[in-house]
Amino acid sequence: MTDSKYFTTTRKGEIFELKAELNSDRKDKRKEAVKKVIASMTVGKDVSTLFPDVVNCMQADNLELKKLVYLYLMNYAKTQPDKAIMAVNTFVRDCEDPNPLIRALAVRTIGCIRVDEITAYLCDPLRKCLKDEDPYVRKTAAVCVAKLHDIDPLLVEEQGFLDMLKDLLADSNPMVVANAVAAMTEIGESAQTEAAARMLTWSGHLVNKLLTALNECTEWGQVFILDAVANYTPSEENEAQSMIERVCPRLAHANAAVVLSAVKVIMKLLELLTPGSDFVQSTVKKLSAPLVTLLSSEHEIQYVALRNINLIVQKRPEILKHELKVFFVKYNDPIYVKLEKLDILIRLTSAANIANVLAELKEYATEVDVDFVRKAVRAIGRCAIKVESAAERCVSTLLDLIQTKVNYVVQEAIVVIKDIFRKYPNKYESVIGTLCENLDTLDEPEARASMIWIIGEYAERIDNADELLESFLDGFADEQTSVQLQLLTAVVKLFLKRPTDTQELVQRVLSLATQEADNPDLRDRGYIYWRLLSTDPAAAKQVVLAEKPLISEETDLLEPSLLGELVCHIGSLASVYHRPPSAFVDGRVAAQRKGLPSRAPTLAEATGAADAGAEVVPTDNAQNAKPAVSVIPTQDSLIGDLLDIDMSGGGGGSGITQQSAAPAVPSQSNAMDLLGDGLDSLLGLGGPAPQQPPQQQPAVGGGSGVDALADIFGGLSATPSAQAGFTPQLESWLPAQRGKGMQIDGRFLRRGAQLQMELQVRNNAMQQLSGFAIQFNKNSFGLAPAQPLSLNPLAPMQTATTLLPLHTKGQVQKMEPLLNLQVAVKNNIDVFYFSCLVPIHVLFTEEGGMDKRVFLSTWKDIPADSESQTSLGSYSHSPDSVSNLLQSCNVFTIARRSVDGIEMLYQSMKLCNGILVLAELKISGGAFTLSLKSRHAEVYSGVQESYLKILKSSN
Amino acid sequence: MIGGLFVYNHKGEVLISRVYRDDIGRNAVDAFRVNVIHARQQVRSPVNMIARTSFFHVKRSNIWLCAVSKKNLNAALVFQFLYKMLEVMGSYFGKINEENIKNNFVLIYELLDELLDYGYPQNTDTGVLKTFITQQGVKSQTKEETTKITNQVTGQIAWRREGIKYRRNELFLDVVESVNLLMSPQGQVLSAHVSGRVLMKSYLSGMPECKFGINDKVIVESRRAADSSSAAGATKSGHIAIDDCQFHQCVKLSKFDTEHAISFIPPDGEFELMRYRNTKDISLPFRVIPLVREIGRTKMEVKVVVKSNFKAVTKVEVRIPTPLNTSGVQVICMKGKARYKASDNAIVWKIKRMGGMKEWQLSAEIDLLNATDKAKKWTRPPISMNFEVPFAASGFKVRYLKVFESKLNYSDHDVIKWVRYIGKSGLYETRC
C-alpha cells in the first residue's frame, strides 16, 4: 500500500468524508485521514475547516501521526488562532514527555506556530528545554529561541533567553553549539535593543572557542560557525594570523559551503595582515587549489563558485592567475556556467596567455547559444583593448567572424571594433571597408550606432561617407534615440571635416533633430550644434572633433567599496547576485553594511602617508588658483553629455566604461580642459564665501591696506571687513530739523552672512541725547533688529556710529515700493519716524550660486515674457572685475561666454526669502545691458538699481 | 536561512511543500511554477529572484527541487543541502521520480522535519537518520534506545553508532578516477585533469581508528621528514602531486593540515572517503586523431584514428557527432562495430576488446541534405569517448590502510582489505 493514492482524491464532499474519518474510532483510519488532509494541504487545497478534528488526533501516542498533526497545525494555526489555543496544553505536556524525540518535536513545532496567545505559553517550556539533559532537545531549543525572537524580540530579551543562548555556546555537544551560533547570528542581525546587540557581538575569546569546536561539528555546523566568525574582526595582526591558520584546514572539506565560508573568513582576515608578507603569500597560494576544485562539483555549485571566483579575482588577482585553463568552457557545460567562465577568462587574460585565450574565444564564437556567442565576440574585443600586443590578432579574428555573415556575430563584432578604434585610433581603419559591406545587415541599435560612429570618426577617409550617412538618415524617425544622437553627431563631424559638399546633409539632420524629434536630448543637442556651427565653426570643431580621452582596459570592474562588501558575503546570495544584501533583502538586517576591515598602518607607513600628504598640498593650491570664472560657451552638462555619448558611440552599455574615462584622464584634451575649468569654477562659485580660496577675493572697492590684509586672511576667517567689494554711500535718513536735533545717516551692509544697518547718529541739539531705541514697521522682507540698539548717550555736537545687526524673521507685509522700510527711533526726547529704501543686494544670500544645469533649467522654466531688459549705461569694467565685484555682493556668476566681442555673464542671486533671480549681463563694448528673470517681477527694479549702484560705485 | 522547500513534478504540480519561515507565503509556490517551470524561455540560472524572493533549484529527471528564501543566505549551503536531500531520499526509496515521491510523501515530510529546523540544516547523515526514521513508522522505543539515538544524532561521531559487530572484519577500497580531457584537433592538450574519488565500504566492528596512506608527494615527504629512519623503505619514484583533496566529514582535517596524516573513524557501510584532483603527469589512456573534410555542400568525409597508450584489454566507445542535416552515412572500420544513430546525431563506434598499444581507424562518408537553412549551422561538437580501464590515470596508489581498534580484540592483520582501481572517462573530448 502506497501513499500516492492520497493525492488522487478530488471528489466533492471530500471534506465531509474526511471529517467523519478523522473522528473515527479506529486508529488506523484516523491516521489515513490525516495523511489525506496533509496531501490536500500540499496541493494547495484549503482544509482549514478540519482544524478541530485534526487537533483531536493530536493526543495520539503514535509519533508518526503526531508529526503529521503538528505539520498541519503549523500551517493553519495562524488562520485559526482561537482554536490553536486548544492545542497548547498538548504542546506543554509533550515538552515534558520522557521521550526526548517528542520533547524536541514539541518545542520545534510550538516555535513555528506564530500565534500571540501561544507565544506566551512558550516561555516556560522553552526555558526548561534549553536546560534539558538531552542534547537533541537542547539543540532544538536553541533554534527555537531564534524563532521566538522573530515573533517577539522584546520578549526574548526580557525573559533572558539571550543569556541562556549564550550559555549554550559552551555546551559540551557540538551540534548544540552550532545551532546556538546560528541562532545568535540571526538574532544579532535584528536585535532590537542596544544591550542585546552588544551581548550578541562576538568576542575574541568566544571566536577562539568556536574555532576549537569546528572540528567536531557537522558540515552545516561548520558553516554556521565560519559565517559567524566572519563577522568578527580581530584587533591584532597576530590574532588574524592564528585565526587563518585554524581556518585553513577547512579548505579541504568535501562540502563546498564549508570551503567557501572558510575562503570568506580568510579573505577578510588577509586585509589585516601586512601585504606581501610570506604568510600572506603562502595563504594566498593555499586558496587557489580548493577554489579550482569547486569547479568539478555539481553545476549549480560551480555556478555559485564561479560568481564568487569572479569577486575573488577582482580582489586578489594573484590567487588564480595561473589557473586559466580550468576556466575553459566545456561543450556540455550549462549556459550559466559557460557565461561565468567566460567572464573570469577575460579577467585572467594577460599578454602571457593571450594566444590560448584567443584560440578558445574563436572556438566559442562558433557555438550555438546566441548570448554566449555574443559574449565571446565581445570578449575578443576586450582582449584587444587589454593586451595591446594582441590587438592585431584580435582584429583579424573579428574580421574572420564578420566573414561568417552570421547576423548577430557581425553586429557584435562591429560594436567591439568601434571600441578598438577608440583605444587605438588611426591604426586599423583598413578594416572599415569590410565593415561597410555589412551595413545593410545591421538591425540592432547598438551596432548601427557603432557603425555610424565609425563613419563619422573616419569620415575623411571614407569616400562615400556622405552617402552612407544619408542612407541612414532616410529612416531617421524610426531609429532609436541612441542611433539618432549618433547620427546627428556623425553628420556634424562629417560637415566639419568636409564642409563643402555636405552642407545640405547637415542642415537636413539639424532640422530633423530640432524640428521633428520629440526627444529633448536630441533637440537640445541639435540646437547646440546649430548654434555652435552658426556662431563659431572653429569652436565647433574644437568641441566636436576634440581628441577623445582614452578608454580604460579593465571593464565592468565592481566599485571597490561594493567589492569589499561583497567579499564579506562570499558564498551568500549577495555574492551570487553581485549586489549588496540591502538591494534584495527587506528590513533592518539589510541596512547593516559589512565592509572589509582595514589594517592599522604601522608607524613607518603612517609617516610615509604624511609625507605623501605634504606633497599633495601644493597641487591643491595650484588647482585652487585656477581662474574662477568659467569660459564655457554653453552649459557643461550638455558638453559632458556629448562627449559621453561620443565616447561610447552607442550611448551606453557598449562594454567600455565611460564614467571612468573623464576623471581618469584630466586635461587630456581641449574638451576635458573646458570641463575641468567648469567644474573648478562651479566649486569656487558655489561654495559659501569664506571657503573660497584667497586668490579669488578681489581687492576692488575700498582697496585700503586693511582690506588687502583682510583679503589675505579672508579664506581663513570670516572677518567682517573681508567683504569689501562694494560699500554704498551713507544716505541721509533723518534730517536734524525733523529729528529735533538728532540727525541720522545710514546705510545697509552685508558682512559675512550678517545683514547690518549702519547708523550714524549726530546730536545737533543743545542737550544730551540718550535712551535710544529702534523699531521697524512690518516690511516686505521681514527685516527686524536682531538686538537692541546699543548707543551710548550722545553729548551735543557729537557723532556716534553703530552697527545694528538685522535678521529677516520679522513680520512680513508687502510694502510699496517693495524695498521701503519704515523705522521708528526713540530717544529721551521723542519718537521719530522715517522711511528708507533697503538696497536689494544686501538681501542676497550666500546660497545664491547654483549648478549650471540648474541655472539653465530654471532659466528655461521661467516664461520668456517675464524677462526684463534694461540698459545700465557704459562702464569701464572688464567682465572679470564686474563678476568679482558682483560676487562680493552675493551675485554669483554661473557661466560666461564671449561671442564676437560681446561678453555675456550669467548670474544668479537668491533673496533671503528664497526668491531666485537670474540675470544675463551683456557687455558690448563697455555698454552694459541687464536681462533679469525671476518668478517675482516685483524685485526687478530693486535689482536693477542695485546693479547700477554697484557698477557706478567703483567706476 | 531556507524559508521553504518545494518539490514539483515536470508539469509544475506541487508534490511536497514545506514552509519553514513566515516570510514565505503560498504564492511563492506559484511564483516558481509560473516564472521558472512554465517559463517560455529556458531558465538560465539555478538561482532566480522573483519579487524579492530568491529561488534555488536543482532538477533530477523530471523532478524540480526548489528552496526559497527572502534572506541573504549562504547559497553554497543551499545547493549542498539540496543535493544532500536528494541523496537522503535516494537512499530511502531509490530513484527520485514522481511516483516514488508521492508514495513516500509522509516519510519525506518526516525527513524534512529532521533535516531542517527553521531552515537550518541539521543532521543529514543517512545512516543516522535511518536509526529513527523508518519507512515502517517509528517503533516505540525504550528510554535507553531513544537516548542512544539522540546522543548519536547530535554527538561528535554522528556518523557511526556504537556496538557494531561483524564476524568478519572486512573493508573495500575503490579508487575511481574520471579522466577529463579537452584536446585540440591538432592533438594539443587544452586541458586535462583527473577527478578521483576513494570509495570505502567498511564492515568493521566497534569504533575503529583508521589511518590511510597514499602516494601523494606532500604526504609522503612530510612522513619521511617525520621519521627519517624508516625512509629507506619508500621507493623514490611513483609519487604524484595531487592538486587538491577533500575529505569526508569523518576525517580529522586539522590533523591532515598539520601532520599530513589521514585518520578517521569510518561510518559503517559505504561512503566516499576522499575526493582529489590532479592535473600533472596524467597518462592519457587514449588519443583520438580526427580529420574532417567538407566536400561541397552535400558531402563530408570523416576519418578518426584511436590510439591506446597502455597495456590492457578493454571496452571502448567513440562518439563522432554528425551534422543535423545528415541523410546517410557509410562507415568503414577495421575493428569493432560502428553505426550511425540518427537520433543522437552521431556515429557510435564500439570496440569490444581494444588491445593495449594499438591503433584503429574509422572512416566515414556523410551525405548531407542540401542545407537551406543557414541559421542552423553545424557547430562541430567534439568527439567524445567512453571507456573504463583498470588503472588510475593519475598514478594514484593506496599505500596502506591501517585499522586500530583498542577495545575489541582484533588487529590490523585480521582485517581483510580489498583495493581496486578504476579509470573512467569523464568528459574525454577531442575537438574536430
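In this predicted model, strand 4 (residues 53–60) and strand 5 (residues 63–69) of chain B pair in the antiparallel sense over seven bridges, where helices (H or I, at least four residues) and strands (E, at least two) are DSSP runs numbered from the N terminus, and two strands pair if DSSP finds at least two bridges between them. Within this pairing, B:H57 has B:C66 of strand 5 as its bridge partner.

Both strands belong to an open sheet of five strands in chain B, with the order 2-1-5-4-3 and antiparallel pairing. Strand 2 (14–19) and strand 3 (47–50) of chain B stand at the edges with a single partner strand each, so one side of each is left without a neighbour in the sheet. Neighbouring strands of this sheet are turned by 20 degrees against each other on average, direction ignored. Helix 2 (residues 75–93) of chain B lies across strand 1 (4–8), strand 3, strand 4 and strand 5, and runs at about 35 degrees to strand 4; contact means heavy atoms within 4.5 Å, while axes are lines fitted to C-alpha atoms, for helices over the stretch in contact, with angles from 0 to 180 degrees between N-to-C directions.

Residues are numbered from 1 along each chain as its sequence is written, and chains are lettered from A and ligands numbered from 1 in the order in which they are written. Local features need pLDDT of at least 70, side-chain atom pairs count only at pLDDT 80 or more, and totals for chains, interfaces and linings use all residues, whereas side-chain values use heavy atoms, with hydrogens and water left out.

The contact between the chains takes 88 residues from chain B and 106 residues from chain A. The area buried between them, meaning the accessible area (1.4 Å probe) that two parts lose on being put together, summed over both, is about 8600 Å², of which carbon and sulfur atoms give 55%. In chain B, B:R44, B:N72 and B:Y118 lose the most area to chain A, together 8% of what that side buries.

Across this interface the rule finds eleven salt bridges, each a side-chain nitrogen of Lys or Arg within 4 Å of a carboxyl oxygen of Asp or Glu. One salt bridge joins the side chains of A:E363 and B:R431 (3.9 Å, N to O). Helix 2 of chain B gives the largest share of the side of chain B that touches chain A, namely eight residues.

Over all chains, the structure holds 71 salt bridges. A:E340 forms a salt bridge with A:R307, with the closest N and O atoms 3.1 Å apart. Because A:E340 lies in helix 19 (residues 335–348) of chain A and A:R307 in helix 18 (residues 299–315) of chain A, the pair ties together parts that are 33 residues apart in sequence.
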